[in-house]
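Have the sequence and the 3D view open while you go through the points.

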Amino acid sequence: MGSFVGFANLPNQVHRKSVRRGFQFVTMVVGDSGLGKSTLINTLFEHKLYDLGAPRSLANGSSMNGNANGRTVAIESKSADVEENGVRLKLTVVDTPGFGDHVNNDEAWKPIVDNIDSRFDAYLEQENRVNRSKLMDNRVHACIYFIQPTGHSCVPFKFLSPNPKMIDLWGVLHLFRLRPIDIEFMRKLHHKVNLIPVIAKADTLTDDEVVAFKQRILNDIAHNNIQIFQPPIYDLEDEETIAENEEIQSKVPFAVVGSDTFVTTADGRQVRGRAYPWGTIEVDNEAHCDFIKLRQMLIHTHMEELREHTNDVLYEQYRTQKLLSMGV
Ligand code: GDP
Ligand code: MG
């Protein structure tokens with residue numbers, strides 16, 4: 001894996017447009033404390049954002065910062081201007097504090113919704129100016145939602161029962177599912193942002209558990225009429241692209257593993273990953289986790305789609321409602 005973020009490989013047409021204008025992309029990460037949000041951001045963008053020093057403050061005035069143990073204690077936003085192969089991108093990541101950090105988690109979604117709304121408002125305000133030639137697009141284009149790998153915060157049954165077979169079944173049926181807070185969060189946000197749910201720390205689950213958990217999550221999402229971002233397959237003519245998108249879709253919700261560090265595999269390769277007594281989990285290996293597919297969708301194949309959907313659908317809904325509520 002090179003040191004590229006990778007957006008310069010966007011499909012040609014988009015590429016040309018973007019070369020001319022330069023463009024902005026904002027990713028938000030949300031989920032409980034300790035689920036690996038900051039680590040995944042580092043893994044995705046290869047420290048580009050953290051090389052810049054102090055984070056910038058936000059559209060809604062709230063700001064910073066990580067505390068001494070690196071924990072995120074308030075919504076913070078970091079940006080970097082990146083240029084690859086002549087394509088300019090202003091990349092911003094919005095990191096949010098963990099849900100579990102609040103005394104009352106009932107409205108854990110509220111500051112996040114407020115942040116997204118204030119970014120829409122800032123855009124709307126620019127549109128209403130006389131000179132609209134250079135709009136700053138700080139709207140959130142993608143929201144990566146981290147799902148706890150156990151579903152409930154208790155010891156997995158497999159560590160408790162003497163009969164491993166039975167426990168697996170128990171685990172899958174009762175333990176691995178979305179929590180009410182997950183469902184509520186997604187319901188509050190799916191009309192405002194492209195939601196990309198991921199299973200955090202997937203290296204802590206077996207392959208079978210990942211498969212069963214994914215199915216369970218998709219069922220819960222469908223049952224609750226939650227709309228998540230899926231690479232569109234309709235309207236495509238090119239068979240290669242259809243296959244590529246189907247492949248990405250089949251991995252949703254992505255089971256991800258993040259790591260800042262390089263480890264040595266049994267056969268002597270240096271890889272980004274996590275070392276265990278029984279072997280190494282490689283971040284950039286599709287046989288080990290879905291990190292590559294998430295990265296591909298976010299940065300390579302669907303960055304423009306995410307931006308377009310934010311502008312044409314999500315922002316448009318927000319704008320219409322806002323103007324109606326103002327009696328315009
Ligand atoms: P955040 O609070 O969500 O930002 O979580 P951090 O990124 O600070 O990570 C919390 C802890 O989990 C750190 O010790 C990380 O090294 C570890 N961690 C991060 N990602 C993973 C992962 O994919 N798998 C495992 N097993 N641990 C992880
Ligand atoms: Mg963090």
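1. Start with D121 and K322: their side chains meet in a salt bridge, 3.2 Å from N to O (a side-chain nitrogen of Lys or Arg within 4 Å of a carboxyl oxygen of Asp or Glu). D121 sits in helix α3 (residues 110-127) and K322 in helix α9 (residues 303-325), 201 residues apart. D121 is partly exposed at 26% relative accessible area, and K322 is partly exposed at 25%. Here buried means under 20% relative accessible area, exposed over 50%, and partly exposed in between (1.4 Å probe, protein chains only).

2. A word on the source: this is a predicted model, where local features need pLDDT of at least 70 and side-chain atom pairs count only at pLDDT 80 or more, while totals for chains, interfaces and linings use all residues. Residues are numbered from 1 along each chain as written, chains are lettered from A and ligands numbered from 1 in written order, and side-chain values use heavy atoms, leaving out hydrogens and water.

3. Now try D290 and K214, whose closest N and O atoms are 2.7 Å apart in another salt bridge. Buried or exposed, these two? Both D290 and K214 are buried.

4. E282 and R269 form a salt bridge too, with the closest N and O atoms 3.0 Å apart. E282 is buried at 9%, whereas R269 is partly exposed at 38%.

5. How many salt bridges does the structure hold? There are 18.

Methods:
Helices (H or I, at least four residues) and strands (E, at least two) are DSSP runs, numbered from the N terminus.
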